[in-house]
Every structure is written in structure tokens, then in C-alpha cells.
Amino acid sequence: MSYYLGLAQLIGIHTLLGLSAYVLMLTGQLSLGQAGFFAIGAYSAGILTVIFELPILPALLAAAVIAAFFAFIVGFPALRVKGLMLVVATIAFGEFVRLFFFNLSWRVPRGDIEVGPDSTNGFREIRYFVANGWSPWEITTFVWTFVILVMIALWWMDRSRAGAVLRAVGEDELATQSVGVNLTAVKVTAMTAGGFIAGIGGALYAHTATYVDHLTFTVLLATFAVSYPILGGLSSVFGTLVAVIFIQGVLVEGLRFLGDWRNIVFGLLIIIAMNLKPDGLFDARTTRILRRAIGLGGREKSDA
Amino acid sequence: MLELRGLSKHFGGVKAVDELDITVNEGEIFGLIGPNGSGKSTTINLICGVYQETAGTVRFHEELMNGKPPHQRLRAGIARTFQNIRLFPNLTVWQNLWVAQNSPQDIATQGFLSRWFGATRRTRKEIATLLELADLEHKSDELASNLAFGEQRRLEFARAAAARPKLLLLDEPAAGMNRQEIQDLSRRIRRMRDSGVTILLVEHVMELVMGVAEQIAVLNFGQKIASGTPGDVQRNKAVQEAYLGTSDSDAPSLDTGA
């Protein structure tokens, strides 16, 4: 049972990671720096509960704010470049963060041992849940509370004018500017929101794993972050969730019996999926069909 | 209300717009014409801030616009349409107009939350009015990309009007239109002007320009070669040469056929 709860936690955390990229992708920006914000969230929250001995909730919120702050700072120079150049710039940022934690050593004595980030040896003592006797069920509920809160917030935002403006920026930046939208403000806000969400994900990750090191936050993790919304499509936040379940639950875990061959199958299935559904599993058309099937807002106007 | 003085835009050695002086008066329909590549679209892009000028000034209501980004110029009252329609194709017609609710009144009267996350009754009413004026009420929930060409033009026109501009820049609005659509367009342009909006019309289609414009400036190779009323411009020798070449024997006139 604890295996499945662990998987549920992982799926929840990766959903947050994917949603942090989703917000940015609505504005047409592809960032491979989300692992960097995730890392900032993970280390900050870990340092706050371990070294400063804060409870989990304030530590998590503070970590999210710190990650959002860095996203805000990075947003201004990064969003001056577009497309491939932005991808390269954000990879550079992600690696910068990773190498910072690779070097960071901040050990404090706690009883007869030392705790805190220990550069290449990683940060091994993030035991808040264990120390406070949380059961796996409680941890899973805690993780999914945040996943659900973030999904509701984004789903609601998506249907508001803010969502329409984000999508407008993604479709045509020049036209959006020409109708009076401050492009820089919108993009930096999206980046900041993405950093906040990735920060929550990182904080949860550090505490469920109890151990992080710099190798957790490589470009591979950033690639996962963008592949969820790419595979799930940008019509709704649920696409990202389904993509995470598909990739983490079915491909990564479900194909484990194939040993190292599963990576090939994994790559192959992604290619097939992208070819069959270039706009993601949940493109506008599929979403509309599904909505009509469950009788939810499938109102279609005819060309009368 | 709009004054361009010595306005120039050079792309490397190409002088797309060169030392241009133009004055557009309030309440006017001003036509800007010229052969392909004469700098008309560049002029529009300079006025609304998409390009940075190489030299010269853009003043709007006496206020210097140089260096201001497009969204600030829009809020000052300068709206535009594009030569090749630029809608938000995967948003609905209604959402296209919703995104464009950025008039100074909207910003001043709405709180942050209602502006970004709600749709006030007034906003809904305004969008309904815009849809009605554009004859697109029944397409409100349609994706913009599913509209017919003429409907897309009308939507873009409505989207520009959503900002309640004082000056509207129309970049070849009649491109690809048939005669009936052009007549419909001239009606819309006049109605817009009658509601108090000054119009700067860049156009190839003589039937439209000569029909609606009160003042016209003619560009060639980035320079103004003539200006005046439609009648003046049609009789101007330099204009006829720019359009039709220098051969003066039985050259067809710039007659609109109207």
C-alpha cells in the first residue's frame, strides 16, 4: 500500500511541476528552468524545517515565495529572449541553481550529529514528517491538498480574463500589445506564478523524499516539467494531470518489468502520442467532445 | 491631433520612411496612400510604437510619443488594425474583445480583481455593443479562426474600437474585399468617425480612399510627394507618375470609377 501512496505523492508533486510549466506555456514561453525553481523550493523548505526548525506549512509557503522571487528576478532578462534562445537561457539558469546547491555546505550541530546541506553529499536530514509521526496517508493528503488548491486556482484563472490574456500573448504578442496589454508585466507575472508553483512542488518533494542532492534537479527533471503540458495539451489543467499519471504511473512505473528497455518504449510512446495528437492528448477538439459527453457546457452554436 | 515631424526609419541603408511631416486634425478621415513599399505600413508601425524611429518625432495631442511602448500609446488613445489580420485565432470572438478591454476608463474604474478575474456587467454590455456594431452577435462563442474573412476583418475593427481610441490606424482594411464589402467598410469607417474617432487610413484600394478620405498624403520611396484633398491628389502629376510610370501618353487616370 505504501508503494501506491508513494506513487500518488510523486504524481501529485510532478503535477505541480508540470503546472508550473503550463502557466508559462500559455504565454507561448518554453522554460527548461523549472527544475531550478523546484530545487530552490526544495532546499529552502528543507533548510527552514531542518536548520530553523519551522513547522512544515510556514516553511512550505516561504519556500514557494522564495522560488517565486527568483522567478520574478529571472523573468525580466529571460523573457527578453524568445523561442530557442529562451530555452537556452533557462537551461543556463537551471544549471546555475543546480551547481549552487552542488557547492552549498551549511552544516549546523544538532545533538551529536550535524544537519543541513552538505554540498556533493546532498541534504539528508529532511525528516519533518517522520519526526512528527505523520502516516503515509496523512502525507499523501497533505501533498494532494496543495495539488488540488493549485489546480482549482489555475482552472479558475484560465476561465477569467487573465487566462484569456495569457493565451492571447501565446497566440500573438504583437497583437496583444496593440490592444493595450503590457507584455512584460504579463510574462513576468506568469513566470513568477510558475516559480511559486514549482516552489511548492519542490518543498513537498524534499519532505516526502527526506533526501535531496543536486543530481535530483538536472535538465532531465526540467524536461519532464515541460513534457507534461506538451503531452497533455494546453486546453485545461487536467491535461497536465492526465499526462503525469500516464508518464509517471503507466510508463515509468508500469513498464518497470522491462528493465532498461522501458526507456526505449517510453520514448517511442511519446513519439507516437505526439504524432497522433500534435496539440496534446487533450486538444481543443477532444476536450469539447468530452465536455459534451458528460453534459458540461457543450453548448455549440450553429452557423445559422 | 497627430503630428509627425521629420519622421524617419532606416533599415540599414534602406530609407523606409524619410523625413516625413504629416498633420492629422481631430475628427478627420486622413488617407495615406502610395505604391507598394512606399513606407505606409512602416509609418503606422512608427506611430503605434512597434518600430523605434531613426529620427524625428511623433506627437499625439501635443504629447511626445517617442520611446513609449505600444500598450502605453494605446492607452493614450491610438489603436490599430493590421494589414494581414492578426486576431487571437484560438480564442472565441467574445474573448478576443474581452482581452482588448484596456481603455483608460476601464483601467481607472475597475479594481484589479474585477478587471482581471471578473467580468463586470458593464464589460459584458460593452462587448455586446461591440458585437452588435460588428454584426457578429451570433458568432460570439465561435473561435476567431472559424470566421469568414470579412467577419475576421470586422472583428479586428471591433477589437480596435474596444479600447475607445481617439485615433484609429487602419492598415489596408479593404485588402481582399469585394465591392459590396468595401461599401460596407466605408459605412463603418464613417460611423466610427461620426462617433468622434479620428481615422488614419492606409490603403491601396482607391475606391475606398477617394470615397471616404477628406485629406490625403501620398508616399513614394518613404517620402511625401503630395498632399491635399482627394481631388488635388488625383490631378497631381507626381502622383500619377509614381503610380503609373512616367509615360504620359494616354495614361489611365486615378479615377475611382465612382
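## Contact between the chains

Two residues are in contact if their C-beta atoms, placed from the backbone, lie within 7 Å. The model described here is a predicted one. In the contact between its two chains, 25 residues come from chain B and 21 residues from chain A.

On the side of chain B that touches chain A, the elements giving two or more residues are α2 (70-76), α3 (93-99) and α5 (112-117) of chain B. The most come from α2(B), which gives four residues. By class, this side of chain B has 14 nonpolar, five polar and six charged residues.

## A helix pair in chain A

Two packed helices are described by the angle between their axes and the distance between the axes. In chain A, helix α1 (residues 2-26) packs with helix α6 (residues 136-159) at an angle of about 25°, and their axes are 9 Å apart. Angles under 35 degrees count as roughly parallel, and α1(A) and α6(A) are therefore roughly parallel to each other. The crossing in which α1(A) passes α6(A) is left-handed.

The residues of α1(A) that meet α6(A) include A:Leu5, A:Gly12, A:Leu16 and A:Val23. On the α6(A) side, those that meet α1(A) include A:Trp137, A:Val143, A:Trp144 and A:Leu154. The contact between α1(A) and α6(A) has 15 nonpolar and five polar residues, and no charged ones.

## The sheet in chain B

Strands of a sheet pair through backbone hydrogen bonds, either parallel or antiparallel. Chain B has an open sheet of six strands with mixed pairing, in the order β6-β7-β8-β3-β9-β10. At the edges stand β6 (78-80) and β10 (223-228) of chain B; each has a single partner strand, so one side of each is left without a neighbour in the sheet. From one strand to the next, the twist averages 20°.

The partner of β10(B) is strand β9 (residues 215-220) of chain B, and these two pair in the antiparallel sense over five bridges. Opposite B:Ile216 stands B:Gly228, which belongs to β10(B).

## Helices across the sheet

Helix α11 (residues 237-244) of chain B lies across β9 and β10 of chain B. The angle at which α11(B) runs to β10(B) is about 125°.

Technical notes. Residues are numbered from 1 along each chain as its sequence is written. Chains are lettered from A and ligands numbered from 1 in the order in which they are written. This is a predicted model: local features need pLDDT of at least 70, side-chain atom pairs count only at pLDDT 80 or more; totals for chains, interfaces and linings use all residues. Axes are lines fitted to C-alpha atoms, for helices over the stretch in contact, and angles run from 0 to 180 degrees between N-to-C directions. Angles under 35 degrees count as roughly parallel, over 145 as roughly antiparallel, 65 to 115 as roughly perpendicular and the rest as oblique. A crossing is left-handed if the near helix is turned anticlockwise from the far one by less than a right angle, and right-handed if clockwise. Ala, Val, Leu, Ile, Met, Phe, Trp, Tyr, Cys and Pro count as nonpolar, Asp, Glu, Lys and Arg as charged, and the others, Gly among them, as polar. Two strands pair if DSSP finds at least two bridges between them.
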